[in-house]
Amino acid sequence: MSDNGTLLRVSDLRTHFHTEDGVVKAVDGVSFRIDRGRTFALVGESGCGKSVTAFSIMQLIPIPPGRIVSGSIELDGEELLDLNEKQMRHIRGSQIGMIFQEPMSSLNPVFTCGSQIVEAIRLHRRISSRDARAMAIDLLVQVGIPEPAQRFDEYPHQLSGGMRQRVMIAMALSCRPRLLIADEPTTALDVTIQAQILELLKELQASTQLSILLITHDLAVVAGTADVVGVMYASKIVEQADTGQLFAEPLHPYTHGLFRSIPRLGEKKHRLETIPGTVPNPLNFPAGCKFHTRCHIGRDKPRCRTQEPTLREVRPGHWCACWECDRYETAAQSDPSDKVT
Amino acid sequence: MIEKNDDIILSVRGLKTYFPVRGRLLGKKQYVRAVDGVDLSVRRGRTLGLVGESGSGKTTAGRTILRLIPATAGQVSFDGQDVFRLRRGAMKALRRRMQIIFQDPVGSLNPRMTVGGIVSEPLKVHGGMTAHQRRQRVGELLDRVGLSKMYVNRYPHEFSGGQRQRIGIARALASKPDFIVCDEPVSALDVSIQAQILNLLSDLQDEMNLAYLFIAHNLAVVEHFADEVAVMYLGRIVEVAGRDALYEKPTHPYTRALLSAVPIPDPNARTTRVQLPGDVPSPINPPSGCPFHPRCPLTRELAQAMDETETREIVTLGESVRVVRRCVEQTPALQEVPGDETHCHACLLRQGNT
Amino acid sequence: MSDLVETTRVEQFEPRTGRSLWSDAFHRLLRDKIAIACFVIICIYAGIAIAAPMMFPDWANEVDYDNLNARPSWSEPLGTDGFGRSILQKTLLGANVSMTVGLTANIIAIPLGMVLGAIAGYYGGWIDDIIVWLYSTLASIPGLVKLLAIKFAFIDKVLWKGSWYELDLDGLPGICIALGVISWIGTCRLVRAETMKLREMDYVLAARASGRGGLSILFRHIIPNLLHIGIINFSLGFVGAISAEVFLSFLNLGVQDRPSWGRMISDAKMQLVAGQWWEIGAATVAIFLIVLAWNIFGDRLRDALDPKLRNV
């Protein structure tokens, strides 16, 4: 593990929310690292804590009710959790850029797209507004917006969803950050537009050595873009590996279930395999392994019901938090059925 | 093969739904052509998948068919009855047989009503049942969609998205319909829940011989679920075929682009994507001729080898492109693919003489 | 199998009957100590409003010319007024007017605003146009001018069911009616906007899809989702009504026949020059407390009741 290649290192991050109904451990001991010029994807279902992880890195968690209880977030060796708000504001934008799921609500409707990019640039750089304008138009070209000089003076509502997301990317990249956090960047977009945006992110990464933290629920998006994947379930990373390895041989029963439950192009009508039950309520996580209530292997195993497994390196570079993942293959076949009756 | 006519439960002819929009002051009244001439037919006990991007008018089409939105033109016949001409009483009776399932599991359930109240509403509206019978039926329905009977007196906000979707399905099933419009029933759900709901819908279809109009934007889900598939673009059907034919031999360039844009959950998958430039144009001012021509890769390609007189210069996304003249001037109609009557498409360049 | 898991989960951990949004809001309020405190204050005022006229029925006649404008003392904790009557009793008696005005004005205004707003929002078209025209016109006249105009317009006798009845808009009923008639506008606007939003909800569409008709959808699916607006506006409207009464009475256009806080302030405005602060002080504190309590309670009520603010 060579440290000079690592840009971001998150260790044992815990972010909790204190609500009326109790403490929600939204992120509970998450660790990962992102190398320069690489893409790390956090995959998981709604409420698994993947977005909270991203917001914790940016320190944009609303406090209260949220609180980063423990852990460390190092960007290029610098501990971000020790910084005060002013220093952190400098990091946001200039070191870490962020794009969101819904490009309409993340752009201010009363300002032109151009002026919003200019503002982002001038927040971190002392340059004249004319230079900033030139830079902004240059950015619009980079993100593939046709007729950039005209688009500069248009308002967000005049642009289509895909164009707005491009503007968001231009803004996020305006100060040449080293890390881009993309929180469900294509979820609100159509497939043809999604393909365009993912392609754009790849091109930008290749040309600027950008590191990307990709947050998504869509395994298919991950397959085409990420180098390393962490699968999150109930506030923890339950499996982590290189993309190729993870897709070739998912070890955690949850990951396995996810793969089997998505319909794929080219597969004919058949029963999909399902993961039974629903995502557990973060106020009321089951004891032991949090997945055991939905797991066809661990449901009745005493160890799974009482002891929580930790991430361990099951194969070289392939980490998994499951007591039974070594014996997984055989167990999967003996699973009787998932018929809904 | 041509099916017997009585096998078709729903047939839609020339359906148009326009919404008036206020233009500029003193300007001409403009219309959003959400649905602009759609022909469909759904067979008894089968699923027709309706695929399209946002703005293609697929949701509007589904709602117009159920007469929840007034149609501008066209005809919908449901089991021989002309839906748009029915009087109030007859329409109410027909509503028993056609139902809808919504995308948004939050907005589709009244937050002030109990689950029992929600599911029994169609039963109450149509009457003919005592309170005791209704309670029993609600219990059966909840049981059937995989929810506990205990939930009867609870409220929607106490459930997860997948469970709410099950409640919505139970409500749709209450009046024992023959046909259900499923409007993106799984796209708001988590991946692991989607499969549960899809399996449930497919079991219900087998059991009750339900016909579905399955509206979705996810081509993989549609391939998994539908028997026939129609692809919509800017309010029109551009291609319709049996599932296998459509996915194996897509003919319309839009269908091809759509299929190749679907991300594949396999990092080693080939990435020869047909990238479409730009976005879906506004349905207020759709492009002339074939509405797809400004984004169409095929017309650009063919135009290069063509004579000046047969092509035309158009400006799209700030650059000028040469496209085939016919695509700009002629509106294509759905036409059969030679040798397969069930496979129709609306691409001028692949029809007839090319 | 999924069912199996869910069923066991329900049976083990969850209660059989659910909590409606209403009872949910109620439980939130119960946990909110400040809201409870405000509610207690409001209840105390209401209690005083009912009890005071019974306890001091002869207060108006207890004139004591030996003790005019007396300072607060042990025997008269808040001093006496220009006729030597107890200010403590006067203040307590004033609660009756305030609470009556607040309650009656809102009982007129809130249902009026809700019904008109719901009808306008749900049916749209020309019905909507008429109602919007009505409240826009009314809203364009400044509130106070409107109040005065209504009071003066109806100060004479009016015809009612074939015989002449005296409708004295000069006194307490006058204030209540005038306030009720003008203060429905805010509620109506809010309810209309909310109705237009609710009308497009999927569950309304679902109800139509199962064959329910217009009016029945309005009552079953829309109005229950609007009631919280009525309740919130009721509590906030109380504040407006109390202040309006004080202002009218201050201008000598309000109640004449019994003590009210507005009249106390009006009566005492000259005494202030002489350094006699107790009458105006007592009335101000009384108004301040109830207005504060209603305002905070209204806000807390909104937090608890509004489904959009849930889970924040």
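1. First, some ground rules. This is a predicted model, in which local features need pLDDT of at least 70 and side-chain atom pairs count only at pLDDT 80 or more, while totals for chains, interfaces and linings use all residues. Residues are numbered from 1 along each chain as its sequence is written, chains are lettered from A and ligands numbered from 1 in the order in which they are written, and side-chain values use heavy atoms, with hydrogens and water left out.

2. Chain A holds an open sheet of 8 strands with mixed pairing, in the order 6-7-8-3-9-10-12-11. Strands here are DSSP runs of E with at least two residues, and helices are runs of H or I with at least four, both numbered from the N terminus; two strands pair if DSSP finds at least two bridges between them. At the edges of the sheet you will find strand 6 (96-99) and strand 11 (312-315) of chain A; each has a single partner strand, so one side of each lacks a neighbour in the sheet. From one strand to the next, the twist averages 20° (angles run from 0 to 180 degrees between N-to-C directions, with axes fitted as lines to C-alpha atoms, for helices over the stretch in contact).

3. Within that sheet, strand 9 (residues 228-233) and strand 10 (residues 236-242) of chain A are antiparallel partners over 6 bridges. V231(A) stands opposite E239(A) of strand 10 of chain A. Helix 11 (residues 253-261) of chain A packs on the sheet and touches both strand 9 and strand 10 of chain A, its direction making about 100° with that of strand 9 of chain A. Contact means heavy atoms within 4.5 Å.

4. Do look at T255(A), which lies in helix 11 of chain A. Is T255(A) buried or exposed? T255(A) is buried, with a relative accessible area of 1% (buried means under 20%, exposed over 50%, partly exposed in between, using a 1.4 Å probe and protein chains only). T255(A) touches V231(A), E239(A), L246(A) and P250(A), leaving aside residues up to four places away in sequence.

5. On to chain C. Helix 4 (residues 87-123) and helix 13 (residues 278-305) of chain C pack at about 40°, their axes 10 Å apart. Among the residues that meet are M99(C) from helix 4 and I290(C) from helix 13 of chain C.

6. Finally, helix 7 (residues 172-182) of chain C is mostly covered, with 8 of its 11 residues buried. These include L172(C), C176(C) and I182(C).
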